[in-house]
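This report covers the salt bridges, the chain interface and a few local surroundings. Please look at the model first.

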Amino acid sequence: MLNIENLHVSIEEKLLLKGINLYINVGEVHAIMGPNGSGKSTLSAVIAGKKEYKITTGTIFFEGEKIIHLSPEERAHLGIFLSFQDPIEIPGVSVTNFIRTSVNSVRKARGLYDMPINDMLKSIRKKLEVFGMDKDFLYRSLNEGFSGGEKKRNEIFQMAMLNPKLSILDETDSGLDVDALRIVSKGINAFKSKKNAILIITHYYRILKYIVPDFVHVLFRGKMVKSGGKKLAIEIEKKGYSWIKQV
Amino acid sequence: MDKASLMELKISIVYLFTVKTQLHAPLNRYMYNIRSKTIDLFETKKQEVKNKKYVIDINYTLFTSSIKRIRKLHVLLEDFDSLRFVFIDGIYYYNRSIYKAYYERFFSKEIAYLHFTEGLFGERPIEILYFLFGKCTKSILFNNRIIIFLGQGSCIRIIERYKNLSLGSDYFSSVTEVYMNSDSYLDYSKIKNDRPTTYFLDHTYILQEDRSYCNINTFSFCGVSIINFLSILQLGKEIHSHINGLSILQYHILHNTLIEHVFPNGKSRDVYKGIFDKRAKTTFNGKIVVLKSAKKTNAIQNSTNILRCDEAMVKANPKLEIFAEDGKCTHGCIVGQLNTKEIFYLRCRGISKSEAITKLLVAFSKDILECLSFKELKNLLTKEINNYVDHKRN
């Protein structure tokens with residue numbers, strides 16, 4: 001589904017990613033781990049299409065097509081979803097309004113009609129129950145005054161509404177308490193199917209307890225240092241990142 | 001004279017003024033004269049209209065010159081249910097020295113006087129409409145002057161709108177004076193969304209007494225040059241005055257606001273927001289004066305501006321003059337651009353760039369709209385804002 005080949009990314013002549021190769025197939029769950037400042041968030045932003053980052057060499061393929069030249073909204077229409085590490089507060093835009101325009105514009109790009117409001121509200125309510133959120137939440141401004149847990153839940157809620165093919169979860173677990181983490185990962189697991197793929201970016205092993213990854217990659221100083229199965233994550237949890245630095 | 005004695009002089013003048021208003025005698029006589037004049041004029045004009053059978057569904061009409069295309073009016077007046085005052089065509093002014101007269105405040109000779117009696121509660125909003133049916137292509141200076149008198153405990157909502165149907169570049173110059181008695185409530189919305197060849201010059205003076213509440217909203221969307229003067233004098237205790245402004249413009253605009261606190265426990269808030277594009281040049285001069293006697297005053301002044309183009313320019317001059325020892329006054333000015341992170345966030349969810357910008361700008365102007373108490377006007381303005389923000393994108 002997603003092929004990244006020899007990706008080099010720089011910002012203001014500072015090299016952030018130095019040759020990354022990543023292959024994600026349909027139905028797989030990948031996890032990228034690494035210490036702070038290793039380029040994890042950069043990688044997710046580049047896949048989503050942030051303009052500030054310059055791709056010097058290498059390409060990204062999504063379902064066999066080059067997506068480097070596409071704008072963020074076009075990538076979203078193709079089915080790439082990025083869950084933000086710190087979602088931005090937008091006062092004045094209500095959650096319902098935002099989700100409605102977002103879902104409808106994605107549907108429009110796929111050549112479908114706008115979803116009727118009744119159906120939309122029904123599906124929103126269904127999904128709210130899964131995440132255990134209040135109805136008041138729908139009428140609040142987007143992320144304004146949300147607690148850290150609410151923001152993350154809101155991101156996953158949007159993911160469930162948009163139903164993307166590839167979802168990148170950038171540090172969804174940080175800032176969540178144990179119960180909230182369980183609810184969020186329950187939602188992610190309910191969403192996971194054979195038709196979509198998930199890329200989890202995290203520091204810790206704890207979210208991987210609930211969402212079992214097929215592959216774990218370790219990113220260090222802009223390079224993929226190591227790849228392996230679930231055991232690698234457990235090893236990192238025990239020993240920290242220092243032993244990788246020695247390798 | 002040093003500064004302290006100057007201040008004392010100022011206070012004594014204000015005190016004289018308050019005594020005058022409390023006695024009411026000279027003011028009432030003045031008002032009475034104006035009132036009788038306007039009623040005479042109104043009756044004669046009304047007869048004219050009746051004889052010609054022109055207007056049916058308009059509640060009141062005041063004409064200052066004859067009209068040709070009045071039949072079009074009912075099409076323009078269908079927005080909402082309200083009590084209407086319509087002014088059609090001002091004084092024609094052919095002279096070249098138009099700029100000399102431009103800054104004269106009380107240029108107009110004909111005055112409308114609205115008197116609201118004690119304890120009146122206006123269920124329907126009152127709409128004041130200014131129309132220009134230009135007979136010629138030359139520019140016209142439209143002068144009008146309104147005096148509004150609110151009785152004790154009355155509650156009124158007023159909407160003021162302008163429509164220019166002529167072809168030339170025309171000038172609206174309006175003077176509004178409001179006298180608010182104690183415990184009265186006023187919600188006043190001024191909407192300037194005419195064609196982009198029109199000039200506006202707007203003076204508003206408000207005098208408030210004990211425990212009165214006023215909420216003034218100024219919406220400026222279109223016009224070559226818009227100049228708003230707004231001054232509020234708080235002559236009483238526990239007065240609330242809120243002034244809000246929203247401007248979405250490509251041209252020149254000047255806001256001059258002045259709020260003067262004289263007695264204790266007054267509250268005021270002015271919030272001005274603007275979205276400027278192309279070669280917009282804007283100035284915001286906000287001034288708050290808190291005199292020595294005005295203790296425990298709470299005044300907030302805020303001006304937030306978004307520039308969408310490199311050539312647009314904003315000047316913001318907040319001024320606070322505080323002589324009271326015990327009070328709270330804040331001011332803030334922000335000039336900036338749209339947050340690129342916010343746009344990226346919306347784009348990542350599949351919303352196109354232009355739509356994302358529209359959404360953010362509409363959200364930006366939302367807190368001014370929330371100050372409106374009249375729901376239908378709010379809906380109308382939301383549409384209008386969407387239009388202007390959209391239009392400017394192209």
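## A salt-bridge network in chain B

B:Glu160, B:Lys190, B:Lys192 and B:Asp202 are linked in a network of salt bridges. A salt bridge here is a side-chain nitrogen of Lys or Arg within 4 Å of a carboxyl oxygen of Asp or Glu. Side chains of opposite charge can pair when their charged atoms come close. This is a predicted model: local features need pLDDT of at least 70, side-chain atom pairs count only at pLDDT 80 or more, and totals for chains, interfaces and linings use all residues. Residues are numbered from 1 along each chain as its sequence is written, chains are lettered from A and ligands numbered from 1 in the order in which they are written, and side-chain values use heavy atoms, with hydrogens and water left out.

B:Asp202 sits in strand 9 (residues 199-208) of chain B and B:Lys190 in strand 8 (residues 185-193) of chain B, so the bridge ties together parts that are twelve residues apart in sequence. Strands (E, at least two residues) and helices (H or I, at least four) are DSSP runs, numbered from the N terminus. B:Asp202 is buried, at 1% relative accessible area. B:Lys190 is buried too, at 2%. The classes are buried under 20% relative accessible area, exposed over 50%, and partly exposed in between (1.4 Å probe, protein chains only).

## A bridge between loops

B:Glu311 and B:Arg279 also meet in a salt bridge, at 2.9 Å from N to O. B:Glu311 lies in the loop between strand 16 (297-307) and strand 17 (313-322) of chain B, and B:Arg279 in the loop between strand 14 (267-276) and strand 15 (281-290) of chain B, so the pair ties together parts that are 32 residues apart in sequence. B:Arg279 is exposed, with a relative accessible area of 63%.

## Chain B overall

Chain B has eight helices and 18 strands. Of its 394 residues, 55% are buried. Take the contacts (heavy atoms within 4.5 Å) in chain B between residues at least 6 apart in sequence: 85% of them join residues at least 24 apart. The accessible surface of chain B is about 18500 Å², and carbon and sulfur atoms own 52% of it. Accessible areas come from the Shrake-Rupley method with a 1.4 Å probe; for residues, only the protein chains shown count as cover.

## The interface with chain A

How many residues of chain B are in contact with chain A? The count is 18, against 33 residues of chain A. The area buried between the two chains is about 2000 Å², with 64% from carbon and sulfur atoms. In chain B, B:Phe344, B:Tyr345 and B:Arg349 lose the most area to chain A, together 38% of what that side buries. Buried area is the accessible area (1.4 Å probe) that two parts lose on being put together, summed over both.

Twelve residue pairs across the interface are in polar contact, both at pLDDT 80 or more. A polar contact is a pair of N or O atoms within 3.5 Å; within protein, one must be able to donate a hydrogen and the other to accept it, and residues adjacent in sequence count only if both atoms are side-chain atoms. Helix 5 (340-348) and helix 6 (353-364) of chain B are the elements that give two or more residues to the side touching chain A. Helix 5 of chain B gives the largest share, eight residues. By class, this side of chain B has seven nonpolar, three polar and eight charged residues. Ala, Val, Leu, Ile, Met, Phe, Trp, Tyr, Cys and Pro count as nonpolar, Asp, Glu, Lys and Arg as charged, and the others, Gly among them, as polar.

## Salt bridges across the interface

The whole structure holds 14 salt bridges over all chains. Two of them cross between chain B and chain A. In one, B:Arg347 meets A:Glu73 at 2.5 Å, N to O. This pair runs from helix 5 of chain B to helix 2 (residues 72-78) of chain A. B:Arg347 is buried at 10% relative accessible area, and A:Glu73 is buried at 10%. B:Arg349 forms a salt bridge with A:Glu155, with closest N and O atoms 2.6 Å apart.
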